[in-house]
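Biologist: I have this protein open on my screen and would like to walk through it with you. Could we take it one question at a time?

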Amino acid sequence: RKVEKQKLQSIVEMTLQAPSSRNSRSTRLWVVEQPELLQHIADMRDYGSAFVKNAAAAILVMGDKTATDLWIDNCAISATILQMAIVDEGLASCWVHVNDRPVLRAEPEGKKADEFLREKLNIPENYGILCAKNFHSSGIDRADMGFLIQHHQSLLHMGGDLNKLVGLALQLAHLCIDLQMLLVDPPQQRR
């Protein structure tokens, strides 16, 4: 099922508001909706990425290496905000690491996932790829996520205190993981 354009736009806009080192704004996002490209992302590693093939969409979180040497840090902050933005739109998501990950687990010094992605995606050489975030319907009504949305809105309005922002972002990420675990293994099924 496709993600509504308005939701995608909101997710991207919110993510691009993430703080960055020295306000370098080095993070770049690439939205992927085409099934054949989602399959390519799913195939980039022989472990931990196969589930992307069934996603409604994915976003590659990349950094312009010429803008700052802290592009990885900036991407990590943006990826955290991206996770919150996805949840805020009532969707579920999972992080798939790309940066410096081998295509084949048994060959850690072999071909890397970012090289594999560049075979079909025209990604500029100066962009490093940190991760891909897939997303799909969560099956949870947005009204049932009030506590997550409240934390998320607090984060977006924090402003200047980056340490506090990152700390709250990590707390929210843990809440998101807890919520997703409940979706996968609801308490009534554990008995």
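Biologist: Does serine 78 count as buried or exposed?
Modeller: Keep in mind that this is a predicted model. Serine 78 sits in helix H3, which covers residues 71-88. Its relative accessibility is 4%, and the cut-off for buried is under 20%. Serine 78 therefore counts as buried.

Biologist: With which residue does the side chain of serine 78 make a polar contact?
Modeller: Leaving aside neighbours within four places in sequence, serine 78 is in contact with Thr15, Ala18 and Thr27. A polar contact joins the side chain of serine 78 to another side chain at 3.1 Å. The partner is threonine 27.

Biologist: Thr15 belongs to helix H1, residues 5-15. Why do the buried residues of H1 line one face of the helix?
Modeller: The buried residues here are Leu8, Ile11, Val12, Met14 and Thr15. In general, an α-helix has 3.6 residues a turn, so residues three or four places apart point the same way. Looking down the axis of H1, the buried residues fall within a limited arc, so they line one face, and that arc is 165°.

Biologist: Which exposed residues does the face of H1 turned away from its buried side carry?
Modeller: To count as exposed, a residue needs over 50% relative accessible area. On the face of H1 turned away from the buried side, the residues that qualify are Lys5, Gln6 and Gln9.

Biologist: Finally, what share of the contacts between residues at least 6 apart in sequence join residues at least 24 apart?
Modeller: The protein has 6 helices and 4 strands, in the order α-β-α-β-α-β-α-β-α-α along the sequence. Of its 191 residues, 46% count as buried. Among contacts between residues at least 6 apart, the share joining residues at least 24 apart is 74%.

Definitions and conventions. Residues numbered from 1 in each chain as written. Predicted model: local features only at pLDDT ≥ 70, side-chain atom pairs only at ≥ 80, totals over all residues. Heavy atoms only, no water. Helix = DSSP H or I, 4+ residues; strand = E, 2+ residues; numbered from the N terminus. Buried < 20%, exposed > 50% of the residue type's maximum accessible area, 1.4 Å probe, protein only. Polar contact = N/O pair within 3.5 Å; in protein donor to acceptor, adjacent residues only side chain to side chain. Contact = heavy atoms within 4.5 Å. Arc of directions from axis to C-beta.
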